[in-house]
Amino acid sequence: EVLGDNTDVRVEATPPAPAEAADLDAQPDIGTKHFAEINASMSAMTTVPMSTPSVNQTFSQLKQQLPSVTDITSFLAANQMAVTQLAIKYCDTLVESDSLRQAYFPQFDFSQPASTAFNGAARDGVITPIITTMLGTDIDTQADAALVRSEVEQLIDRLTQCSSTSSCDAQYTRTVTKASCAAVLGSATMLIQ
């Protein structure tokens, strides 16, 4: 290389000083389940097989709306709506299947109207299986079972305030049970990992 009167002139460049490391925001210690984990968890918590046609169809429709990553900071309201819809479908399938319902809620009489079916200790026949199966036991980071039970009891109280304008027949007993199931199944007790 000739440049004027000089040949092979090279100047070694001084490398720039390394940039100061970026101090990233702290990352959460917890995350959310992604779509496949949510489906599998709901199946396990309700004993409803994922292959059940109505459940499988609902999951297929909601799959893209469910969380696709476990980063809790990316969780959106649309994700929660999909989780809720899937929880409702799982609980509906559980309660409407005679065999699954009887195995899951063996101590509860679904033939009673809602105005009497949930009176006193009878409601434990719905609440206890939900709490035991969906919260699990001896999990330090899980929600307080007593607080969850209290919330479900309050929900049942609100839903079973029957009057002459509302039907509280045996079919409504199933509806109240589905709502109680979906409230816990679609909550953070299932979603957070």
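The model is predicted, so local features need pLDDT of at least 70 and side-chain atom pairs count only at pLDDT 80 or more, while totals for chains, interfaces and linings use all residues. Residues are numbered from 1 along each chain as its sequence is written, and side-chain values use heavy atoms, with hydrogens and water left out.

In soluble globular proteins, nonpolar side chains tend to be buried together. A nonpolar core is here a set of buried Ala, Val, Leu, Ile, Met, Phe, Trp, Tyr and Cys residues joined through side-chain atoms within 4.5 Å; buried means under 20% relative accessible area, exposed over 50%, and partly exposed in between (1.4 Å probe, protein chains only). The largest such core holds 41 residues, and Met42 and Phe105 have the most contacts inside it. Helix α3 (residues 77–96) gives the largest share, eight residues; helices are DSSP runs of H or I, at least four residues, numbered from the N terminus. Beyond its neighbours within four places in sequence, Met42 is in contact (heavy atoms within 4.5 Å) with residues including Val83, Leu86 and Tyr90.

Next come the disulfides, pairs of cysteine sulfur atoms within 2.5 Å, of which the whole structure has two. One joins Cys91 to Cys181. Cys91 lies in helix α3 and Cys181 in helix α8 (residues 170–185), so this pair ties together parts 90 residues apart in sequence. Cys91 is buried at 0% relative accessible area, and Cys181 is buried at 0% too. The other disulfide links Cys162 to Cys168; Cys162 is partly exposed, at 31%, whereas Cys168 is buried, at 12%.

Methods:
Helix = DSSP H or I, 4+ residues; strand = E, 2+ residues; numbered from the N terminus.
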